[in-house]
Amino acid sequence: MTKTQVAIVGAGPAGLTLAQLLHVAGIDSVVLENRSRDYVEARIRAGVLEHDVAELYEQAGVGGRMRREGLVHTGVELQSGTERHRIAFDELVGKTIVVYGQTEVVKDLIEARLESGRPLHFEVSDVSLHELESERPRVRYVHDGAEQELECQFVAGCDGFHGVSRPSIAADVLRTFGRDYPYGWLGIIAAVAPSHDELVYAHTERGFALLSMRSPELSRLYLQCAPDEDLDLWPDERIWDELQSRLGVDGWTLHEGPILEKGVTPMRSFVTEPMQWGRLYLAGDAAHIVPPTGAKGLNLAVRDVAALAEALVAWYRDGHVGLLDAYSETCLRRVWRAEHFSWWMTTMLHRAPNSDEFTLRLQQSQLRYLRTSPAAARSLAENYVGVEHA
Ligand code: APR
Ligand code: PHB
């Protein structure tokens with residue numbers, strides 16, 4: 001039997017960020033991850049950090065490479081048909097975003113963890129949580145073929161949507177809310193300089209498209225597709241043709257290049273209430289999912305663990321239980337705001353398979369409103385960059 005203060009299940013952005021924040025505060029933890037380090041570091045996900053999230057990484061001592069390689073953006077473009085309109089975050093709400101791949105965030109965090117000398121175990125299996133309602137919860141798992149038991153004071157369930165933490169909450173306490181969307185995103189990474197220096201979110205009659213980037217040499221592009229789209233039907237040429245027709249505007253060229261990665265992501269909204277049960281605290285995708293349109297997934301995960309770390313520090317330093325008790329409520333207020341924003345961006349910009357002309361006109365009207373009303377634009381900007389209103 002080993003002992004630690006906080007057992008962290010999952011080494012995605014939520015678990016790794018929490019591990020780093022606790023390390024900085026001198027709190028001991030063990031991170032348990034069922035995949036390999038290579039797998040976790042190769043997983044391609046979104047890439048937009050809210051200003052405050054980027055700052056949190058700086059303060060936690062893991063912002064070095066992000067500062068050098070991350071791209072600071074002061075706005076995004078919204079495209080309706082062939083018209084583009086810029087939403088200037090800095091002018092509207094005084095904040096910016098940093099475009100830096102989640103994959104890179106994860107690599108930086110793993111490096112920091114290894115440097116700290118504190119435990120991070122990859123390729124563990126059969127993780128199970130026990131005695132969560134006691135003051136000494138236990139986590140059992142198998143590592144290198146041997147059964148292990150970890151005694152701790154708190155368990156952080158950072159094991160994503162398919163993890164074991166959420167199902168460990170008593171069924172009569174757990175409530176879930178959600179929605180599946182009738183579309184997904186076909187995403188590519190292409191070895192070509194981004195054709196625009198900011199993100200472009202495009203609403204067209206053929207469906208949604210997004211131009212994003214990873215670096216001055218790498219473009220990240222997405223196309224609305226079916227949630228179970230067959231990638232075999234999408235040779236590179238067809239992908240570029242479709243991107244050209246959705247993103248194309250007069251006087252602008254979408255540059256094509258070799259496609260390095262292709263994938264399809266289904267879209268869903270999902271919330272768990274409460275996010276805490278006994279000594280188990282859920283964070284990130286284990287507790288909630290947003291469709292990627294608002295770029296909130298990673299940011300929500302980081303803000304959850306920032307709240308959890310603060311609450312744990314208050315408990316360990318001063319014996320204060322107030323922040324821990326308020327954890328679920330504190331997070332859910334922010335989570336539901338992001339859920340609404342992501343759902344709103346998604347439904348405004350996508351065309352559902354059976355969508356009618358009425359819906360199309362509503363979307364076009366909303367996009368026109370965002371172009372013409374600074375108040376409407378400010379509302380989008382506030383939500384996008386993550387300005388909080390308690
Ligand atoms: N035991 C141990 N680890 C597990 C288990 C388990 N039973 N189940 C899942 N995991 C691991 C996964 O392999 C993964 O590495 O937990 C980790 C969860 O990481 P993420 O899914 O990345 O979730 P999270 O850290 O909450 O980050 C949320 O990821 O999906 C994106 O858009 C989302 O950007 C957001 C971010
Ligand atoms: C990305 O770059 O992967 C990305 C950017 C913005 C989004 C979603 C994904 O809304």
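This is a predicted model: local features need pLDDT of at least 70, side-chain atom pairs count only at pLDDT 80 or more; totals for chains, interfaces and linings use all residues.
1. Where to look first. The largest cavity is the space that ligand 2 takes up. Around ligand 2 there are 14 residues, and those that come nearest are Tyr201, Ser212, Arg214, Tyr222 and Pro292.

2. Thr293 takes part through its backbone, with an N or O atom 3.3 Å from an oxygen atom of ligand 2. On its own, ligand 2 has 280 Å² of accessible area, and the protein covers 99% of this.

3. What builds the shell. Strands β16 (209–215) and β17 (218–225) each give at least two residues to the shell around ligand 2. The largest share, three residues, is from β16. Sorted by class, the shell holds nine nonpolar, three polar and two charged residues.

4. The second largest pocket. Do have a look here too: this pocket holds about 650 Å³ of space. It is lined by 27 residues, of which Glu50, Arg303, Arg334, Gly386 and Glu388 are the closest to its centre.

5. Its lining. Helices α1 (13–24), α3 (51–59), α8 (297–318), α9 (322–349) and α11 (374–385) each supply at least two lining residues of the second largest pocket. The most come from α8, which gives eight. By class, this lining has twelve nonpolar, six polar and nine charged residues.

Key:
Residues are numbered from 1 along each chain as its sequence is written. Chains are lettered from A and ligands numbered from 1 in the order in which they are written. Side-chain values use heavy atoms; hydrogens and water are left out. A residue is near a molecule or strand if one of its heavy atoms lies within 4 Å of it. A polar contact is a pair of N or O atoms within 3.5 Å; within protein, one must be able to donate a hydrogen and the other to accept it, and residues adjacent in sequence count only if both atoms are side-chain atoms. Accessible areas come from the Shrake-Rupley method with a 1.4 Å probe; for residues, only the protein chains shown count as cover. On a 1 Å grid over the protein atoms alone, a cavity is a set of points where a 1.4 Å probe fits but cannot get out, and a pocket is an open set with protein on both sides within 12 Å along at least five of seven lines; lining residues have an atom within 4 Å of a point. A molecule sits in a cavity or pocket if more than half of its atoms lie within 2 Å of its grid points. Helices (H or I, at least four residues) and strands (E, at least two) are DSSP runs, numbered from the N terminus. Ala, Val, Leu, Ile, Met, Phe, Trp, Tyr, Cys and Pro count as nonpolar, Asp, Glu, Lys and Arg as charged, and the others, Gly among them, as polar. Grid points are joined across faces, edges and corners, and a volume is the space filled by probe spheres set on the points.
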